[in-house]
Amino acid sequence: MKNKKRNIFFLLSALLIAAILLSVSLGAVSMSVGQVVAILLKSVGVKSSILFSENQENVLWTLRLPRIGFAVMIGAALATSGVALQGLFRNPLVDSGLIGIASGSSLFASCFILFNGFVPALVIGNSQLTMAITSFTGASLTAFLVYRISQYQKRINIAVLILAGVALNALTASLTGLLTYFADDSQLRDLTFWTLGSLAGATWSNLAILLPFILLPMLILQRSAKALNAFSLGENPAHFLGINIRRTKIVVLLCSTAMVGASVAFAGVIAFVGLVIPHIMRMLVGPGHRALLPVSAIAGATLLCFADLLSRTLLPPTEIPVGIITALMGTPVLLTILLKQKKNLFS
Amino acid sequence: MILASDISFSNQGRQILRPMTLSFQQPEFVAILGPNGAGKSTLLQMLAGLFAPTTGSIIFNKRPVSQWKTTELARQRSFLHQQNNISGSFTVAEILEMGRYPYFDLNPSAGDNALVENSILELGLTQKRQQIYQTLSGGEQQRIQFARTLLQLQETDRPDLNNKVMFLDEPLNNLDLQYQYALMQQAREKITHLGGTVIAVLHDINMAYQFADRVIILKNGNLVVDDTTEQALNPEVLSSIFEVEITKFRVSETTSFFNTKAYARDLSANPAPVSETQEINKK
């Protein structure tokens with residue numbers, strides 16, 4: 001059993017490496033893996049016999065590598081937050097997109113774009129960082145709101161939770177729609193980008209801001225694996241097992257929203273990764289969070305790498321927003337979950 | 001080892017438990033009985049530290065319950081619920097490992113694993129250790145939950161259960177007779193015989209009569225009886241509490257049982273009705 005989980009872990013890691021290598025070499029400017037290695041070696045001062053153009057070197061350093069970094073980090077973040085939220089709410093249908101956290105975060109991000117000049121108090125000097133914090137605030141507020149709405153006598157009513165998500169999604173969609181009326185051309189382009197999801201905004205400096213928002217929560221959540229397992233027994237049994245219920249809820253909600261908020265700030269709403277990956281990984285390694293969290297992170301990174309590769313290469317020179325691709329892949333999986341688990345999803 | 005003085009509980013202006021003082025020794029098997037809505041489960045959860053009493057205080061092993069850390073307390077007492085709906089398809093082994101959660105941080109120690117293995121062996125579930133919990137029968141599920149709750153009390157370095165308490169909240173619901181009996185038997189053998197205390201909310205007077213050292217009876221939030229089993233289970237008192245006539249039937253010198261008069265069918269006064277189908281068949 002332990003060996004099986006380890007094998008799956010290594011297999012997925014190999015897939016991720018394959019996805020990264022493919023993403024590095026394929027695109028408008030293609031380069032071989034050998035050339036990539038040569039370019040990387042050059043940066044540390046080692047000369048190699050493989051030839052490459054200056055253009056290839058530029059594309060690799062300024063476009064492709066930060067973008068792959070984005071895909072890996074955001075894919076891992078979305079999948080991890082999906083696992084954590086599903087564990088907390090005790091339901092496999094909960095996803096940051098479905099219950100409105102992502103759209104709440106994107107609404108705040110949109111407001112930030114539009115009213116940038118009106119909120120100087122928010123500007124910490126670095127506008128990208130401020131954007132991430134604003135987006136995180138939006139995610140936290142919606143998470144708190146859906147949580148309070150769906151709680152009844154210490155229990156989460158899952159039907160209410162999903163419907164609250166529908167309501168919040170509708171509200172944020174209409175408000176974002178309203179914002180587009182007041183937006184000028186460049187703002188409009190940015191807003192569209194948020195609602196569809198894209199990794200085109202990847203730069204090294206953005207990646208540097210993104211990293212702590214994702215790596216830190218990931219480490220903290222891994223330490224909450226035991227608590228999340230205990231939650232599947234129910235809140236009271238978890239309490240009797242020595243789990244601090246209140247603290248676990250706050251930690252899990254904050255970590256998930258930090259990851260989702262930061263992802264949305266830089267890449268918009270990328271749907272279904274947080275729903276599909278945990279579902280498939282649970283079938284592979286079981287529901288225990290100790291294995292499920294890291295395995296899902298790797299799988300999420302792999303999926304988003306591939307999805308972004310498709311978004312860049314399917315219809316050159318245009319890019320299909322990556323959110324559209326993940327939604328196309330995710331919908332069939334969501335329907336499969338619904339069909340297979342009709343009986344006990346809302347109990 | 002537990003001293004609850006003048007505890008009461010109110011929720012949204014409604015008084016669920018009126019002030020009462022209770023103490024529990026070790027080892028001891030205490031049954032809590034009473035009609036529906038008497039406040040039995042509330043009392044049990046409060047004694048186990050799920051919430052604080054509205055008035056009064058609960059001392060657990062010489063320290064107020066509120067001063068215990070959640071994890072520390074979890075090593076001293078465990079709680080078996082009447083129903084366990086688990087989300088996610090955990091295996092039998094994974095559910096049992098949860099019993100050791102208060103003892104390890106990230107990964108179980110060799111000692112924890114040894115206790116879990118021993119428990120699987122005793123349950124006779126070696127073949128089913130990787131089976132999904134939900135696919136097992138209700139009886140097996142409850143046995144596994146009992147084993148998990150017991151694992152939560154065991155120490156790796158000593159066999160006894162001194163200073164440990166297991167709370168059971170109507171543990172026999174949905175179990176057939178064979179499992180009901182086996183679970184109570186296990187509670188005696190594996191907890192009270194090893195120095196631990198069992199506090200159980202029960203519905204079945206006979207189970208309490210057979211297994212408990214002491215019986216507490218609640219009615220409408222009041223403590224009405226707290227006595228040794230033989231003294232507490234008095235047919236007249238029981239009849240007035242449960243508002244149905246309860247008789248004690250003596251089977252032999254040493255054994256007797258309780259039943260309501262309504263169950264005993266008096267054939268002479270009220271002959272069993274012949275059903276219509278039987279009448280038709282005769283014709």
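**Strand pairing, chain contact and a helix crossing**

In this predicted model, strand β3 of chain B (residues 28-33) runs parallel to strand β9 of chain B (residues 214-219), and four bridges join the two. Within this pairing, B:A31 sits opposite B:V215 of β9(B). Strand β9(B) has another partner as well: β10 of chain B (residues 222-228) pairs with β9(B) in the antiparallel sense, over six bridges. Here B:V215 turns up again, with B:D227 of β10(B) as its bridge partner. So what links β9(B) to β10(B)? The two strands form a hairpin with two residues between them, and B:N220 in this hairpin takes a positive phi near 50 degrees.

Strand β1 (residues 2-11) and strand β2 (residues 14-24) of chain B run antiparallel and are joined by seven bridges. One of the residue pairs to look for is B:S10 with B:Q15, its bridge partner in β2(B). Two residues lie between β1(B) and β2(B), and B:Q12 in the turn has a positive phi of about 50 degrees.

Next comes the place where the two chains meet. On the chain B side, 21 residues are in contact with 18 residues of chain A. Which elements of chain B supply at least two residues each to the side that touches chain A? They are α2 (70-76), β6 (77-80) and α3 (92-98). Of the elements on this side of chain B, α2(B) gives the most, with three residues. Sorted by class, the side of chain B that touches chain A is made up of nine nonpolar, 11 polar and one charged residues.

Over in chain A, there is a pair of helices to look at. Two packed helices are described by the angle between their axes and the distance between the axes. For helix α12 (residues 273-285) and helix α14 (residues 322-340) of chain A, the axes come within 9 Å and cross at roughly 50 degrees. That angle is why α12(A) counts as oblique to α14(A). The crossing of these two helices, α12(A) and α14(A), is left-handed.

Which residues do the meeting? From α12(A) come A:V273, A:L275, A:V276 and A:H279, and they meet A:T326, A:M329, A:G330, A:V333, A:L334 and A:I337 in α14(A). By class, this contact between α12(A) and α14(A) has seven nonpolar residues, three polar ones and no charged ones.

Definitions and conventions:
Residues are numbered from 1 along each chain as its sequence is written. Chains are lettered from A and ligands numbered from 1 in the order in which they are written. This is a predicted model: local features need pLDDT of at least 70, side-chain atom pairs count only at pLDDT 80 or more; totals for chains, interfaces and linings use all residues. Two residues are in contact if their C-beta atoms, placed from the backbone, lie within 7 Å. Ala, Val, Leu, Ile, Met, Phe, Trp, Tyr, Cys and Pro count as nonpolar, Asp, Glu, Lys and Arg as charged, and the others, Gly among them, as polar. Two strands pair if DSSP finds at least two bridges between them. Axes are lines fitted to C-alpha atoms, for helices over the stretch in contact, and angles run from 0 to 180 degrees between N-to-C directions. Angles under 35 degrees count as roughly parallel, over 145 as roughly antiparallel, 65 to 115 as roughly perpendicular and the rest as oblique. A crossing is left-handed if the near helix is turned anticlockwise from the far one by less than a right angle, and right-handed if clockwise.
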